[in-house]
Amino acid sequence: MASMTVANPPSTAVVPEVVEDLASRETPKAKTPYERMSTGQFLVAAAPMGLVHILALGVIFTGASSTVAWACFALWLGRMVGITLGFHRYFSHRSFKTSRVFQFVLAVISQSAGQRGVLWWASHHRRHHKHSDEDNDPHSPRQHGFWWSHIGWFYGKGAMETDLDRVKDLARYPELVWIDKYWYLPVVALGAVVTALWGLEGFIVAFCLSTVMLWHTTFIVNSLAHVWGSRPYETSDDSRNNVVIALLTAGEGWHNNHHHYQSSARQGFVWWQIDLTFYVIKLLQLFRIVWDVREPPAHVKAAARKRG
Ligand SMILES: [Zn+2]
Ligand SMILES: [Zn+2]
C-alpha cells in the first residue's frame, strides 16, 4: 500500500512551500480579475443556483418533519466541515498529509457542496492568497465591492476556467482531474439519495435548503471575513477574526489568523477560538487517517494569546 500514499511523493513533494513557489511565478496583468457578464449571460449561468434558492423556499409549503430538519442541519454542517477540511485546508494549503484514497474521498465530499471542482476551487483560492485584496484577487470586497466578493465573482467571465499552473501538485492525480471535470456528480448524487429517502420534503429541505445555507455560509468567508471583525495580525490584506463567522463556518472565521499563517491546519490559534474543522482533523489523526498535521509555531500562538 506504500505506493498508494501521497506522504512522500518522489519528485514533486506536496508541501506548502510548493504552493507558495507556484503562486510567486505570476505577474499581475489584469486590472480586474474577471469581467462582469451581461444580465442575460448571468441569468443563464446562474440559473441552476437561482433555481435551488427558489426551491428552498418551498419549505414554506412542505414544512419539515424533525427527521428531515435534522438531516438538513447535518448536511449543512457535515458538508461545511467537508469543504473547509478538503477544498481549503488540504487541497488549497496542503496543511496535512493523507493517503491517496482518502484524498479522493475528500474531493468527493467537498464537491458535494456544489461549488465546482477540486482543481478549480484550489486554483482560485491560491490566487486569493497570492493577491489578497489587490486588483487580481478574484473576490476582494475592498477592490470590487461586497456582493462581487460574495457571489458575483463566481459568475465573472472566465471565472469558470481553472489555472492549472497553480495546481500542478493536484493535477498529477488522474482521479482528481476526472472528478474535477465531472464536478457536479457528487452533489447530484446527494440530491438523488436524499430524495429517495424522504421524497419531495427531503429534496426541498434536506437538499435544497441545506445547500443554500451552505453556499452563503461558505461565501461569507470571502466577503464578511474581509470586512467585519478584529485584526490581531497586521497582514497586507483586510482579513478579520470573527467568532460569529467562525461558528457558522466550522472555524474559518479566524481568517486573519489564517492569512497570517496560511499553512496551518489549525485556524483557531488559542483554545477559545473554536475551530470545529481542526477538531475533526485531530480526530482523523488519532485514527491515522491523516498525519503530519501542521500547526503554527509557538511564537505565533503566543502572539495570538497576547493579542486575543
Ligand atoms: Zn486559505
Ligand atoms: Zn481571505
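**Two helix pairs in a predicted model**

Hi everyone, let's start with helices α6 and α11, which are roughly parallel to each other, because angles under 35 degrees count as roughly parallel. Helices here are DSSP runs of H or I with at least four residues, numbered from the N terminus.

This is a predicted model, where local features need pLDDT of at least 70, side-chain atom pairs count only at pLDDT 80 or more, and totals for chains, interfaces and linings use all residues. Residues are numbered from 1 along each chain as its sequence is written, and chains are lettered from A and ligands numbered from 1 in the order in which they are written.

Back to our pair: the axes of α6 (residues 100-111) and α11 (residues 174-181) cross at roughly 10° and come within 10 Å. Axes are lines fitted to C-alpha atoms over the stretch in contact, with angles from 0 to 180 degrees between N-to-C directions. On the α6 side, F104, A107, V108 and Q111 meet E175, L176 and I179 of α11; contact means C-beta atoms, placed from the backbone, within 7 Å.

Now the second pair. Helix α5 (residues 66-92) and helix α12 (residues 185-222) have axes that cross at roughly 35° and come within 8 Å. Among the α5 residues in this contact are W76 and M80, and α12 brings residues including W198 and L209.

How confident is the predictor? The pLDDT, its confidence in each residue from 0 to 100, averages 89 for the protein, and 89% of the residues score at least 70. Residues 7-30, though, fall below 50.

Definitions and conventions: Angles under 35 degrees count as roughly parallel, over 145 as roughly antiparallel, 65 to 115 as roughly perpendicular and the rest as oblique. Two residues are in contact if their C-beta atoms, placed from the backbone, lie within 7 Å. pLDDT is the predictor's confidence in each residue, from 0 to 100.
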